[in-house]
Amino acid sequence: MYSFMGGGLFCGIVGNILLVVSAVTDYWMQYRLSGNYAHQGLWRYCMSNKCYLQTDSIAYWNATRAFMILSAMSCFAGIITGLMSFAHFSSFERFNRSYAAGIMFFISTFFVLLGMAIYTGVTVHFQGRRFGDWRFSWSYILGWVAMLMTFFAGIFYICAYRECECRRGNNPR
């Protein structure tokens with residue numbers, strides 16, 4: 001049980017770090033504009049070694065930002081709940097913290113999946129036609145890796161819950 005929880009905690013912490021780094025960095029997309037390379041993130045875009053805030057309120061950027069923030073917050077809640085699952089308090093006998101941590105990590109996975117899917121769909125159909133020479137960059141890739149890490153954290157915590165339930169079912173009361 002503790003090995004599953006340890007693996008889930010490790011994946012959750014790494015996933016949360018990757019979520020935050022992915023959301024705040026400016027390398028979601030790289031493209032060539034007027035002969036110069038440029039790159040953009042969710043908050044800023046950079047051209048000719050100068051960065052500018054994205055002041056346009058475009059719906060897909062706002063949706064992606066919101067889902068990435070919600071994902072990081074639910075992943076953090078999963079980490080806190082996962083840490084609490086190592087402690088055994090008699091007052092929490094009916095509330096299984098491993099199960100709650102797994103659910104929080106799955107919610108985080110769902111939010112990051114929504115954010116990445118919205119960004120991918122709009123970028124491919126709108127930005128891809130606007131810029132001829134473009135590609136997704138490392139911040140974007142970190143978002144997908146973070147999604148996998150939060151998913152595996154949820155799997156580990158659900159496995160820890162199932163193992164705990166199997167042990168509880170085998171012991172006569």
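Strands here are DSSP runs of E with at least two residues, helices are runs of H or I with at least four, and both are numbered from the N terminus.

A quick word on the source. This is a predicted model, in which local features need pLDDT of at least 70, side-chain atom pairs count only at pLDDT 80 or more, and totals for chains, interfaces and linings use all residues. Residues are numbered from 1 along each chain as its sequence is written, and side-chain values use heavy atoms, with hydrogens and water left out.

How confident is the predictor? pLDDT is its confidence in each residue, on a scale from 0 to 100. The protein averages 87, and 88% of the residues score at least 70. Among the elements, helix H2 (residues 59-84) has the highest mean pLDDT at 94, while strand S1 (residues 29-33) has the lowest at 84.

Now the overall plan. The protein has four helices and five strands, and along the sequence they follow the pattern α-β-β-β-β-α-α-β-α.

Back to the sheet, then. In what order do its five strands lie? The order is S4-S3-S2-S1-S5, in an open sheet with antiparallel pairing. S4 and strand S5 (134-136) are the edge strands, each pairing on one side only. On average, neighbouring strands are turned by 20° against each other, direction ignored; the axes behind that angle are lines fitted to C-alpha atoms (for helices, over the stretch in contact), and angles run from 0 to 180 degrees between N-to-C directions.

Let's walk across it. S1 and S2 pair antiparallel over five bridges. They form a hairpin with two residues between them, and serine 34 in the turn has a positive phi of about 55°. S2 and S3 form a hairpin too, with three residues between them. S3 also runs antiparallel to S4, joined by four bridges.

You can follow a chain of partners through these strands. Glutamine 30 stands opposite histidine 39 in S2. Histidine 39 has cysteine 46 as its bridge partner in S3, and cysteine 46 in turn has cysteine 51 in S4.

While we are in S4 (residues 50-53), have a look at lysine 50, which is found there. Lysine 50 counts as exposed, because its relative accessibility is 51%. The cut-offs are under 20% relative accessible area for buried, over 50% for exposed, and partly exposed in between, with a 1.4 Å probe and protein chains only. Lysine 50 is 12 residues from alanine 38 in sequence, and their C-alpha atoms are 9.4 Å apart.

Arginine 44 lies in S3 and aspartate 26 in the loop between helix H1 (2-24) and S1, so the pair ties together parts that are 18 residues apart in sequence. Aspartate 26 is buried at 7% relative accessible area, whereas arginine 44 is partly exposed at 34%.

On to the helices. H1 has 23 residues and should span 33 Å at 1.5 Å a residue; its end C-alpha atoms are 33 Å apart, which agrees. That expected span is 1.5 Å times one less than the number of residues. Buried residues in H1 include Met5, Gly15, Leu18 and Leu19.

Those names come back when we look at contacts, meaning heavy atoms within 4.5 Å. Alanine 146 lies in helix H4 (residues 138-170) and is buried, with a relative accessible area of 0%. Setting aside neighbours within four places in sequence, alanine 146 is in contact with Gly15, Leu18 and Leu19.

Serine 98, in helix H3 (residues 97-130), is buried at 6%. Not counting residues up to four places away in sequence, serine 98 touches Met5, Ser85, Tyr157, Ala160 and Tyr161.

To finish with the whole protein: buried residues make up 42% of the 173 residues. Of the contacts between residues at least 6 apart in sequence, 69% join residues at least 24 apart.

Conventions. pLDDT = per-residue confidence, 0-100. Pairing = 2+ DSSP bridges.
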